[in-house]
Amino acid sequence: MRGTRILQVGRVALAFGMEWLPLVGEHPDRLARRLTRRRRASHAVLSGSDQAAVGLAWLDGKSSAQPYSGAQIFALLHPRGTVADVLDLGDGSVCVLAAHEGVVLSRADRIYQDPGLAQAVIDELRLAYPRLRRPSSQLAVRLEDLAGHAGDESRLRRAPWWGWRRVGFVGLAVCVAAPLAWQSLADARNGPPRIDARQAWDQAQRRLLEQHRVHGAAGTRALLAALHRQPAAIAGWRLRLLSCRQADDGAWRCLGEYERADRRADNRGLLRRAPRDWRLDFPSLGLARASWTLSLPAQVPDRTRPPSAQGQARDWASRAQGILPAFSAFRLDASRALEPTPPRDADGVELPRPPDMRRYALRELRVDGPLRSAVLLIPISQHIGWRKAALSIGRRPAAGLSDSPINLHLEGVLYETQDLPAPPG
């Protein structure tokens, strides 16, 4: 996202539409510097007391005003829980602001011309954070409130900021180390401990793969069983839409929308009949929303030993082609490498990757069709990790094999391995 917008509120310049990236690792400040440099951002700001995220901005440098991040101010004002709101920018557009435990969320700080799109983002965030709350109308966020709380923690720093900070640390280290130079020379004969490149790469790849889940046949079967268990009608309310999405922690957050189909139906009756694990809210007199958490069996990709890209193209694709008539859409994207961040030695030099180290890749997968056809996916799902499942309920009769009043939309990933490079010579 490179469309950062600056709004002047009194004497304060507020920045919106920044790109926010999580920082995972032992040295978040180093990772923030690296991300700022790689994405060529002009400004950056850290979010969270433990520097859990970095916000990047691309400004042209024409304005002399010192900008402050509106999203970071919002996060500082809400240091506990998960809070989201839609901010009116005063020019016909709105901005979604959201924070979790005082850290700006990566899907927040986005500008929309349509308030309906902003509300859809809030709904998606609620799937990942069921306890998300919105401020009351009296406490709704305003531009004046954000400007009044602008401070050093929300000030955007120019990109060279990172480099000067590093120079300061290096200079201080040199001054402190000078008196110990002779002792260091005496110890130099033993040499610094060498970092094992194989072990470092194994750890880097392990951290990467642990962020991915392969549901396989067992997880796919459990997901479809959960969708079939969802009541299509309950206490005079009729299911209109069901959406489940995998959160970062591996759990699935589900949201079902029910519309009032019987004039005798009421909220009290639905609350009595609803499953115990449902959390219900009623946005209108004719609509009810149920949210709950779903757990599916899954493994990390390397434990399932996915075949090579050529094997998937030959065997898996052939099996998928056999079930295409049962679906209205079946799309498999091109292979994309799943590469860990290269580890570095104590001097910051990138360690060489072991030539015989297994390389992983993935292909984005999207499937649409009748819910009854989904059972055909189980035999080919050994190396698939699902990310989203949605049901839409129509009112028209089925016209063909790939048509149904209950349609399923699935999004996931097919994992595979890449061929190792040929040895030299």
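**Close-up views of a predicted model**

**View A. At the start of helix H2, the backbone nitrogen of Ala71 has a side-chain oxygen of Ser69 within 3.5 Å.** The model is predicted, with local features needing pLDDT of at least 70 and side-chain atom pairs counting only at pLDDT 80 or more, while totals for chains, interfaces and linings use all residues. Residues are numbered from 1 along each chain as its sequence is written, and side-chain values use heavy atoms, with hydrogens and water left out. Helices (H or I, at least four residues) and strands (E, at least two) are DSSP runs numbered from the N terminus. H2 spans residues 70-77 and is mostly covered, with 6 of its 8 residues buried. These are Gly70, Ala71, Gln72, Ile73, Phe74 and Ala75. Buried denotes under 20% relative accessible area, with a 1.4 Å probe and protein chains only.

**View B. A disulfide joins Cys244 to Cys254, with an S to S distance of 2.1 Å.** A disulfide is defined as a pair of cysteine sulfur atoms within 2.5 Å, and by this rule the count is 1. Cys244 belongs to strand E13 (residues 237-246) and Cys254 to strand E14 (residues 252-260), so the pair ties together parts 10 residues apart in sequence. The torsion about the S-S bond is about 115 degrees, so the disulfide is right-handed. Cys244 is buried at 2% relative accessibility, and Cys254 is buried at 2%.

**View C. Gln230 lies in the loop between helix H8 (216-229) and strand E12 (233-234).** With 10% relative accessibility, Gln230 counts as buried. Leaving aside residues up to four places away in sequence, Gln230 touches Leu239, Leu242, Tyr258, Trp278 and Trp292; contact means heavy atoms within 4.5 Å.

Terms used: Buried < 20%, exposed > 50% of the residue type's maximum accessible area, 1.4 Å probe, protein only. Polar contact = N/O pair within 3.5 Å; in protein donor to acceptor, adjacent residues only side chain to side chain.
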